[in-house]
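Please look through the structure below with these notes beside you. The points are numbered so that each can be checked on its own.

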Amino acid sequence: MNPLAPICNPKYSIPRMIGRIIVNHFHHSCRLNAKSKIQSSHEWILRQKKDPYVEKARVMNYRCRSAFKLLEMDERYRFLYPGQCVVECGAAPGSWTQVLVSKTNSDRKDGGKPVGQVISVDRLPLYHVEGATLLGGSDFTDKAVQQHITELLGNGKADAVLSDMAPNATGVKELDHESIAQLAYSVLKFAVKISRAASKTVCLIKVWDGGRSKQLQTEMQRFYKQVRTVKPSASRMNSAEIYLLGIGFRGLLKKDACSQQNIS
Ligand SMILES: C[S@@+](CC[C@H](N)C(=O)[O-])C[C@H]1O[C@@H](n2cnc3c(N)ncnc32)[C@H](O)[C@@H]1O
């Protein structure tokens, strides 16, 4: 038999063989992906069933368990109050918004207290929350969206900028860390521009812990009198999620205005 036959035979031509390898590899990884997707959704259902915060959120009518992270952080640091003007980034499905309209009294439920303002943004659609201005389907990193938020600020300045934004995770740790760090930096840059200089003014940013979160913390220390790293108990222990809370915005000095351009 001609030893070159497998190569000469068009049935075994090199492009055809490479094509077959790619197709096989694709089918194999699809099978693995489908299997791991089924397994992880199964794990998700089990975790939800066991999670006390999921049940608590259902009973208290919060749209998701994240509400308890904000409630706990506020309980510890007391940074939300009636009359406050808050910008919220990454708001869907809306449990933080529910907490915010009540804490700032932007829902006007307490006639005796100052009325605040809550502006909430998300790439996803947002569904009505009494007392909040919702910018659903809006990418916060888009300059036009940031301009729109600035125009909506009733008295020109925000008392709090909060971000619970998270990118779609790829599973590649370094890549995901980099994406959330970029979102976090865009929040800090915006907060520095639109915040009122005052000891009560805060900026709260979610990150996934890693090299860039230390850098962000150092960056925040330039603009806020105190910066705390917080891991609320409602945040799952196996998650790298932490929050950086800057308290007491110093305001922009002239030299900061230049270096603010350098917030990477
Ligand atoms: C963990 S969820 C927020 C949960 C919310 N705090 C709550 O209590 O309901 C993170 C959100 O960030 C949003 N997000 C991610 N990147 C964004 C971006 N560039 N602009 C606006 N929203 C973004 C996602 O769409 C997602 O809804």
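1. In the protein chain, 64% of the contacts with a separation of 6 or more join residues 24 or more positions apart. Two residues are in contact if their C-beta atoms, placed from the backbone, lie within 7 Å. The model is a predicted one, in which local features need pLDDT of at least 70, side-chain atom pairs count only at pLDDT 80 or more, and totals for chains, interfaces and linings use all residues. Residue numbers start from 1 along each chain as its sequence is written.

2. The secondary structure of the protein chain amounts to nine helices and seven strands. Helices (H or I, at least four residues) and strands (E, at least two) are DSSP runs, numbered from the N terminus. Of the 264 residues, 33% count as buried. A residue is buried if 20 or more other C-beta atoms lie within 10 Å of its own, exposed if 12 or fewer, and partly exposed in between, with C-beta atoms placed from the backbone.

3. Strand S2 (residues 117–121) has five of its five residues buried. Gln117, Ile119 and Val121 lie on one side of S2, while Val118 and Ser120 lie on the other. S2 pairs with S1 in the parallel sense over five bridges; two strands pair if DSSP finds at least two bridges between them. In this pairing, valine 87 has isoleucine 119 of S2 as its bridge partner. The chain goes from S1 through H5 to S2 in a right-handed β-α-β crossover. Right-handed here means that, with the strands pointing away from the viewer, the path from the first strand over the helix to the second runs clockwise. S2 also pairs with strand S3 (residues 132–135), again in the parallel sense, over four bridges.

4. The C-alpha atoms of valine 118 and glutamate 88 are 7.3 Å apart, although 30 residues separate the two along the chain. In S3, alanine 132 stands opposite valine 118.

5. Strand S4 (residues 160–163) has buried residues pointing both ways: Ala160 and Leu162 one way, Val161 and Ser163 the other. S4 pairs with strand S1 (residues 85–89) in the parallel sense over four bridges, and valine 86 has alanine 160 of S4 as its bridge partner. Strand S5 (residues 198–208) also pairs with S4 in the parallel sense, over four bridges. There, the bridge partner of serine 163 is isoleucine 205 of S5. From S4 the chain passes through helix H7 (residues 173–194) to S5, in a right-handed β-α-β crossover.

6. Lysine 206 is in strand S5. UniProt, in an unreviewed entry, places the feature "active site" at Lys206. UniProt positions are given in the numbering used here, feature names are shortened, and annotations may be inferred rather than shown by experiment. Is lysine 206 buried or exposed? Lysine 206 counts as buried because it has 24 C-beta neighbours inside 10 Å. Not counting residues up to four places away in sequence, lysine 206 touches Ser163, Asp164, Met165, Ala166, Glu241 and Tyr243.

7. How many residues surround the ligand? There are 23, and the closest are Ser66, Gly90, Ser95, Phe140 and Asp164. A residue counts as near a molecule or strand if its C-beta atom, placed from the backbone, lies within 6 Å of it. The shell around the ligand is made up of 13 nonpolar, five polar and five charged residues. Ala, Val, Leu, Ile, Met, Phe, Trp, Tyr, Cys and Pro count as nonpolar, Asp, Glu, Lys and Arg as charged, and the others, Gly among them, as polar.

8. In helix H4 (residues 67–77), the buried residues are Ala67, Phe68, Lys69, Leu70 and Met73. Their cover includes helix H3 (52–59), helix H5 (95–104), strand S6 (224–230) and strand S7 (241–249).

9. Proline 93 is in the loop between S1 and H5, and the peptide bond from alanine 92 to proline 93 is cis, with omega near 5°. In the loop between H5 and S2 lies asparagine 105, which has a positive phi of about 60° although it is not a glycine. Arginine 108 is found in the loop between H5 and S2 and has a positive phi of about 55°, although it is not a glycine. Asparagine 105 counts as buried because it has 21 C-beta neighbours inside 10 Å. Arginine 108 is exposed because it has 12 other C-beta atoms within 10 Å.
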